[in-house]
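Hello,

Here is the structure for you to look over. My notes follow it.

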Amino acid sequence: MVTEADHSHDRLLDEQAAYFDARAAEYDASMEPEPADADFEEWQQLKAGVRALRLTGDVVDLAAGTGIWTELIGETASTVTLVDAAPETLDLARSRLGTEGLTYVVADLFSWEPTRRYDGVFSSFWLCHVPPDQTVGFVDLAERACRRDGVIVVLDEHTFDDPGLAKAAAKGDDPWVSHRSVGDGREFRLVKVSHEPDEVAGLFDQRGWRTTIHHRGPRFFLLSAQPPSD
Ligand SMILES: C[S@@+](CC[C@H](N)C(=O)[O-])C[C@H]1O[C@@H](n2cnc3c(N)ncnc32)[C@H](O)[C@@H]1O
C-alpha cells in the first residue's frame, strides 16, 4: 500500500532534483572554493586524491552534476557515463567536457538500473543527498554497477554548516532535510545528511569489500572500495 508518507518522500526527492536543475548555473561557483576560502587547500588535496586514483576503463559517475569531477576522471578513464536527474546540470557538463568518450544519461538514481557493469563507479557529493533510509540502496546500486575487478569511489563532505537545516527543523521537517533558495527566490527542500568516512567504509567492509580512506580532512573525505577477490 502506498502511504501519504511515501508520497511526501517522493515529493521531497522530486523537489531536490528540481532544486539542482534550477540552480545549475550557480552550482560551480558555490562548490569550488576560492583561494582565500578556508576549504581551498583541502579541495586541492581532494583533486589530487581523485587524480591519484587513476580510474581507468569505463567509469560511471553517479549524480555527475556539471561534471566538475568527471573532468578529472576523464583524464585517465576511457569512457565516462554521467548519470544525473537534472538535465540543466548535464547540459553544463556537456558544454564543459564535450562528448568524446562521454555518455550523458538523464535519470533518477532512485530507480535507474545499470544495464552493464563498469570498471569504476564514482560518486561525489551525492551520498549526502540520499535519504538515510536509502543509504543501503546507494551501496546496493554501486555494487550492482561495479565489475568484480572494479572499484567504487565515494567523495563527500562529513561536516557542513548548512543554515537550511535549522530552517527546515523550525518548520518541523526531519533533521536531515534542508531548505534552500535559488537566485530567483524560489525555495526548495533537499536532503542533507552527514556521513563519517568510517561509517561509509563500514557499509562496504561488512560486505567483504576492501576499503581505503584516501582523504579524511576537516570537511571532506575520499574513499575507495574494491570487491572481495573470489
Ligand atoms: C551536490 S550535487 C553533486 C554533483 C557532482 N557529483 C559534483 O560533485 O559536483 C548533487 C547532484 O545530484 C543530482 N540529483 C539530485 N537528485 C537526483 C536523483 N534523484 N537522481 C540522480 N541525480 C540526482 C543533482 O542534479 C546534482 O547534480
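H3 is followed by Arg-54, which has a positive phi, near 45°. The model is predicted, so to speak of local features pLDDT must be at least 70, and side-chain atom pairs count only at pLDDT 80 or more, while totals for chains, interfaces and linings use all residues. Residues are numbered from 1 along each chain as its sequence is written.

Leu-46, Gly-49 and Val-50 of H3 are buried (20 or more other C-beta atoms within 10 Å of the residue's own; exposed is 12 or fewer, partly exposed in between, with C-beta atoms placed from the backbone). They cover an arc of only 95° around the axis, which puts them on the same side of H3; the arc is that of the directions from the helix axis to the C-beta atoms. The face turned away from the buried side of H3 carries the exposed residues Gln-44 and Ala-52.

As for the whole protein chain, it has eight helices and nine strands. Of its 230 residues, 36% count as buried. The C-alpha atoms fill a box of roughly 50 × 45 × 35 Å, taken along the principal axes.

Regards

Methods:
Helices (H or I, at least four residues) and strands (E, at least two) are DSSP runs, numbered from the N terminus.
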